[in-house]
Amino acid sequence: MAQTHLGTALVTGASSGIGALYAEKLAQRGYDLILVARHRERLNALASSISTRTGRAVEVLPADLGDRTALAQVEAKLSQDASITLLVNNAGIGTHTPLLQSDVEQMTRMVELNITAPMRLAYAAVPGFMARGQGAVINIASIVAVAPELLNGVYGGSKAFVLAFSQSLQKELAGTGVQVQAVLPGATATDFWAIGGLPVENLDPGIVMRTEDLVDAALLGFERGEKVSIPSLHDGGKWDTYEAARQAMAGHLSSNTVAQRYAVVH
Ligand code: NAP
């Protein structure tokens, strides 16, 4: 049962999988909820079950985030409702297929949902958070953000965008009271896999995490103020080393002279 009231969390992709667990866990922590996804009946069932169990106010906002008109309605909600303190950008689709077996129209829909929607929703929410000096964005990326060779390249690229956008916002928003966390789940036991054409039962069970474990761990990372959380990476030092190497290189990437290895011999 909830202890404190932490404002309202708007969770996209809340009708199943990781998003539904976020909704549940955030309500338990004391957030009211706005649940966004396409399946209205699933959202209604979840809303009524969560509000009965936690006593929290739960609103549903059915929307296809791949549709600009529907997306604009969610943007309007985020920019106008000052009770919203947390945006969870979770809705997403993915697949494992290579370019030759992928439909470019489906890839474009993936870009709209995985990149355009979370970007526009962050643009709608963050100005209000900054004006009020508090608020947070949780962006659900994926481990493929740093390992794009594992699945479909457009999916990996879309999640690399989510990670890079989050890291840039973390720098921009430092000191404003607005927190941004990128979550990089590894394989997680949801409908994501079957929808993408490779049911999760086809994966090595040793690499598949329970959805509840993923969300509990990611929320622990959020509460610790972590910028990037990778619940399935056992040796956290590996991320620290990777990130330190990236940061060390960043200051050397631009120059008015050509690197010696590209020197043209005339
Ligand atoms: P999921 O169970 O398939 O959930 C996806 C959610 O997104 C559903 O609530 C779905 O609801 C919603 N959604 C899909 N298309 C939408 C649209 N056009 N407009 C609005 N909502 C839409 O999969 P999941 O694993 O929980 O995925 C959640 C996030 O985790 C995704 O961003 C995914 O890329 C990421 N992720 C998953 C894994 C994994 O192994 N499962 C690993 C890394 C990252 P409706 O169908 O009702 O619209």
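User: Is Arg 53 buried, partly exposed or exposed?

Analyst: Buried means under 20% relative accessible area, exposed over 50%, and partly exposed in between (1.4 Å probe, protein chains only). Arg 53 has a relative accessible area of 41%, so this residue is partly exposed. This is a predicted model: local features need pLDDT of at least 70, side-chain atom pairs count only at pLDDT 80 or more, and totals for chains, interfaces and linings use all residues. Residues are numbered from 1 along each chain as its sequence is written, and side-chain values use heavy atoms, leaving out hydrogens and water.

User: Which side chain does Arg 53 meet in a salt bridge?

Analyst: Side chains of opposite charge can pair when their charged atoms come close. A salt bridge puts a side-chain nitrogen of Lys or Arg within 4 Å of a carboxyl oxygen of Asp or Glu. Here Arg 53 meets Glu 24, at 2.4 Å from N to O. Arg 53 sits in helix H2 (residues 40–54) and Glu 24 in helix H1 (residues 17–29), 29 residues apart. Helices are DSSP runs (H or I, at least four residues), numbered from the N terminus. Glu 24 is buried, at 14%.

User: Which residue forms a salt bridge with Lys 25?

Analyst: Asp 216 does, with the closest N and O atoms 3.1 Å apart. Lys 25 lies in helix H1 and Asp 216 in helix H7 (residues 211–223), so the pair ties together parts 191 residues apart in sequence. Lys 25 is buried at 8%; Asp 216 is partly exposed at 30%.

User: How many salt bridges does a search of the whole structure find?

Analyst: The search finds 13.

Technical notes: Helices (H or I, at least four residues) and strands (E, at least two) are DSSP runs, numbered from the N terminus.
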